[in-house]
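Thanks for coming. I will go through one model today, starting with a term and then moving through the core, some helices and the backbone.

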Amino acid sequence: MLVNLRDICAIAEQNNMAIPQFNTPSLEAVRAAIDAAEQTGYPVIIAHAEGHEPIVPLSVIGPIMITLAERSSALVCVHLDHCEHLSYMRRALELGFTGAMFDGSMLPYNDNISNSSRAAEMVTGFNCGLECELGSMGTRENGSGHVNDHISETIYTDPKQAVDFIKSTGLDILACSFGTVHGIYKGKPNLNFDILRKIRDEIETPLVMHGGSGVSDDDYQRAVNAGIRKVNYFTYGVKYAGEAAAKAIEHLRIEDANSEIYWQDLTIPAYRCMLKDFKHVIKVLANGASPLA
Ligand SMILES: [Zn+2]
């Protein structure tokens, strides 16, 4: 069932849990995310990032995401991730996306407000919730999953500024920066839960953690208990799936050095790996809440 981002985050709030957003720029990933939700009984958010356009265009994967979400027995939000161009957001809205993130976090504060406000105006009239970001994780969702290019230093979200930002923009949920990074972690993730709790003390808006893959199960649950309601998960999921596909080929080659390799020899192990990984993440973020379906 297709669900609005606002409603899915309200469910998370009521149950003191977080709902994962899995980026799904392949048919295997879309199927794995929705199947994981159906098999565990928890809601899920599937997302397409503007930066993933070179992997698969929105015009191709978007209608597939919507159709499979509508057809599913699970609660599924179809979300646009890290959108920097309002024209791109409009295309997702017209396809029927029920969530969208406008990312103005790299802009000066006032420009972030004015652009995020325009995004808020744009989603009015569509069945869509809006996520915006304040603070900077220092890295961008770059699409490849390979590079963690530090564009700038991490800037933690300022709790007082968050109050003003929410009032000034009309967003529904807030992505905040408290030590997570996009891509592969260099060393152990170092999350600042004090910052997160201070933001939580100031506002009631559901909070989002980006750079969610690569974080330990313990840190996930600490983040949920400190108020995180949506966790963005991509890089480590596709890394595990890539490793599963590589391993499958290695096995075939060990059995027969001249074995043919067919496309499905890669996609089936990748799908199975993502399904198992996504189910694990969904259950950890459920934080002890009973399945909802
Ligand atoms: Zn992100």
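Predicted model: local features only at pLDDT ≥ 70, side-chain atom pairs only at ≥ 80, totals over all residues.

A residue counts as buried if 20 or more other C-beta atoms lie within 10 Å of its own, as exposed if 12 or fewer do, and as partly exposed in between.

Ile268 lies in helix 10.

In soluble globular proteins, nonpolar side chains tend to be buried together. Here the largest nonpolar core holds 82 residues, and the members that touch the most others are Ala33, Val44, Ile46, Val76, Ala100, Leu174 and Leu285. Which helix gives the largest share of this core? That is helix 10, residues 263–286, with eleven residues.

Val76 is worth a look on its own. Leaving aside neighbours within four places in sequence, Val76 is in contact with Met1, Leu2, Val3, Ile34, Ala37, Val44, Ile46 and Ala69.

Next, helix 2, which covers residues 27–40. At 1.5 Å a residue, its 14 residues should span 20 Å, and the end C-alpha atoms are 20 Å apart, so the two values agree. The buried residues of helix 2 are Glu28, Ala29, Val30, Ala32, Ala33, Ile34, Ala36, Ala37 and Thr40. What covers them? The cover includes strand 1 (19–23), strand 2 (44–49), helix 3 (58–71), strand 3 (76–83) and helix 10. Just after helix 2 comes Gly41, with a positive phi of about 85 degrees.

On to helix pairs. Two packed helices are described by the angle between their axes and the distance between the axes. For helix 2 and helix 10, the angle is about 40 degrees and the axes are 8 Å apart. That angle makes helix 2 oblique to helix 10. The crossing of helix 2 past helix 10 is right-handed. On the helix 2 side, the residues making the contact include Glu28, Ala29, Arg31, Ala32 and Ala33. On the helix 10 side, they include Thr267, Ala270, Tyr271, Met274 and Leu275.

The other pair is helix 6, residues 159–169, and helix 7, residues 193–202. They pack at an angle of about 40 degrees, with axes 8 Å apart, and are therefore oblique to each other. Helix 6 passes helix 7 in a right-handed crossing. Pro159, Lys160, Ala162 and Val163 of helix 6 meet Lys198, Ile199 and Glu202 of helix 7.

Last, the backbone. Most residues other than glycine have a negative phi, and most peptide bonds are trans. Asn16 is not a glycine, yet has a positive phi of about 45 degrees. Asn16 sits in the loop between helix 1 (5–14) and strand 1. Is Asn16 buried or partly exposed? With 14 C-beta neighbours inside 10 Å, Asn16 counts as partly exposed.

His82 is not a glycine either, and has a positive phi of about 45 degrees. His82 is found in strand 3. Since His82 has 25 C-beta neighbours inside 10 Å, this residue counts as buried.

Definitions and conventions: Residues numbered from 1 in each chain as written. Core = buried A, V, L, I, M, F, W, Y, C linked by C-beta atoms within 7 Å. Helix = DSSP H or I, 4+ residues; strand = E, 2+ residues; numbered from the N terminus. Contact = placed C-beta atoms within 7 Å. Expected span 1.5 Å × (residues − 1). Axes fitted to C-alpha atoms, helices over the stretch in contact; angles between N-to-C directions. Parallel < 35°, antiparallel > 145°, perpendicular 65-115°, else oblique. Left-handed = near helix turned anticlockwise from the far one by under 90°.
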